[in-house]
Amino acid sequence: MSIDWQKVDRVLVVRLRSIGDTVLATPSLTALRQFLPHAQIDILLEDWVAPLLDGFEGVTVVPVGKGTGERLVAARRLRQRRYDVVFNLHGGSTSTFLSRATGARHRVGYSNYQYSFLYTHLLSSSADFWGRDNTHSAEQQLALLGFAGVPVEDQPKTHLAVTRNASLKIDERLGYASKKDLVLIHPSSAFMTKQWPTENYARVAEYLANYGLQTVAVASKSESGVLDNLAAQSKVPVTIFDDLSLPEITALAARAKLFVGNDSGIAHIAAAVKTPVVVVFGSSNRSHWGPWTDSPNEIVYQEFHCQPCAGYECREFGEPRCILSVSQESVFMAIARTLEKAAG
């Protein structure tokens with residue numbers, strides 16, 4: 001059953017989960033808006049990450065909580081919106097349930113999704129669509145659109161808006177540092193297999209000071225110990241924040257001359273506002289999760305035969321040698337090259 005796009009007025013994109021997943025969905029939103037300039041385009045996000053798309057033009061964010069009751073209420077509201085087409089960019093059971101609950105005539109997903117029979121259009125794999133084995137997460141999502149007839153050959157890059165309110169708040173929080181050239185560091189990570197040692201980031205801050213750059217580091221409240229450790233170990237001043245909102249982190253990233261950090265959602269935020277990035281990789285799949293940007297960027301890693309892995313723990317060596325083996329010098333060199341490229 002093909003989609004008659006001339007009769008499509010309302011489209012829903014479902015992308016539950018994390019910061020990085022949300023950022024990497026923005027190329028699909030861009031492709032849809034370019035293809036359907038007059039349609040209603042909504043994206044369903046978990047409520048805690050929904051503010052990340054504040055100010056994103058041409059798209060309405062529909063937040064949903066994690067509780068069963070909240071999701072049932074969301075399902076009823078989605079049904080009332082009468083979508084013509086739904087793209088589920090993540091195939092978890094909750095997103096499948098909500099996609100089906102819309103009652104949309106066309107529901108697009110991958111054939112390996114759980115409860116795939118609830119979809120009307122199923123793509124075998126992004127590799128089949130693009131004609132190659134290795135595909136990026138952004139390409140994996142774009143492939144679903146392309147499979148359904150949306151032009152995606154130009155492969156839009158990630159994009160986030162910087163809101164005026166968030167930018168003003170960052171100016172206020174930075175104080176005197178707002179007048180300096182900044183580098184944003186994100187020294188924490190969800191898994192030890194993705195977290196470069198904090199003392200290495202202290203050396204990075206010192207190295208960046210040679211360029212006249214002031215380091216600002218961010219993390220969540222639960223990771224504030226990493227920030228305290230970084231500030232204590234660095235011989236140069238490091239401004240730390242553990243309480244910024246997602247729009248404020250976006251505004252801070254846009255202000256920075258460079259981002260340096262682990263493979264994380266914050267790295268994708270920086271790339272999405274066209275800030276040059278240097279990302280230290282450990283266990284993750286570099287070809288799938290690297291920065292999706294045209295701005296200067298480098299991935300720094302030490303290759304091991306066991307990469308990539310799920311990253312919950314290191315079953316090969318007992319400690320994450322992949323991330324621990326990345327040298328300070330290799331990151332310094334990547335920083336120098338990236339700054340040179342950014343300078344033009």
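Me: Across which strands does helix α3 lie, and at about what angle does it run to β3?

Reply: This is a predicted model, in which local features need pLDDT of at least 70 and side-chain atom pairs count only at pLDDT 80 or more, while totals for chains, interfaces and linings use all residues. Residues are numbered from 1 along each chain as its sequence is written, and side-chain values use heavy atoms, with hydrogens and water left out. Helices (H or I, at least four residues) and strands (E, at least two) are DSSP runs numbered from the N terminus, and angles, from 0 to 180 degrees, are taken between N-to-C directions of axes fitted to C-alpha atoms, for helices over the stretch in contact (heavy atoms within 4.5 Å). Helix α3, residues 68-80, lies across β1, β2 and β3, and its angle to β3 is about 145°.

Me: In what order do the strands of the open sheet follow one another, and which are the edge strands?

Reply: Two strands pair if DSSP finds at least two bridges between them. The 6 strands pair in parallel, in the order β3-β2-β1-β4-β5-β6. Pairing on one side only marks the edge strands, β3 (60-64) and β6 (121-123).

Me: Which residue of β6 is the bridge partner of glycine 109?

Reply: Strand β5, residues 106-110, runs parallel to β6 and is joined to it by 3 bridges. The partner of glycine 109 in β6 is leucine 122.

Me: How many residues apart in sequence are the parts tied together by arginine 81 and aspartate 42?

Reply: The two form a salt bridge (a side-chain nitrogen of Lys or Arg within 4 Å of a carboxyl oxygen of Asp or Glu), with the closest N and O atoms 3.1 Å apart. Arginine 81 lies in the loop between α3 and β4, whereas aspartate 42 belongs to strand β2, so the parts they tie together are separated in sequence by 39 residues.

Me: Is aspartate 42 buried or exposed?

Reply: Buried means under 20% relative accessible area, exposed over 50% and partly exposed in between, with a 1.4 Å probe and protein chains only. Arginine 81, at 35%, is partly exposed. Aspartate 42, at 1%, is buried.

Me: Which residues do salt bridges that share partners join into one network?

Reply: The side chains of arginine 17 and aspartate 21 meet in a salt bridge at 3.9 Å, N to O. Arginine 17 is partly exposed, at 46% relative accessible area, whereas aspartate 21 is buried, at 5%. The network consists of Arg15, Arg17 and Asp21.
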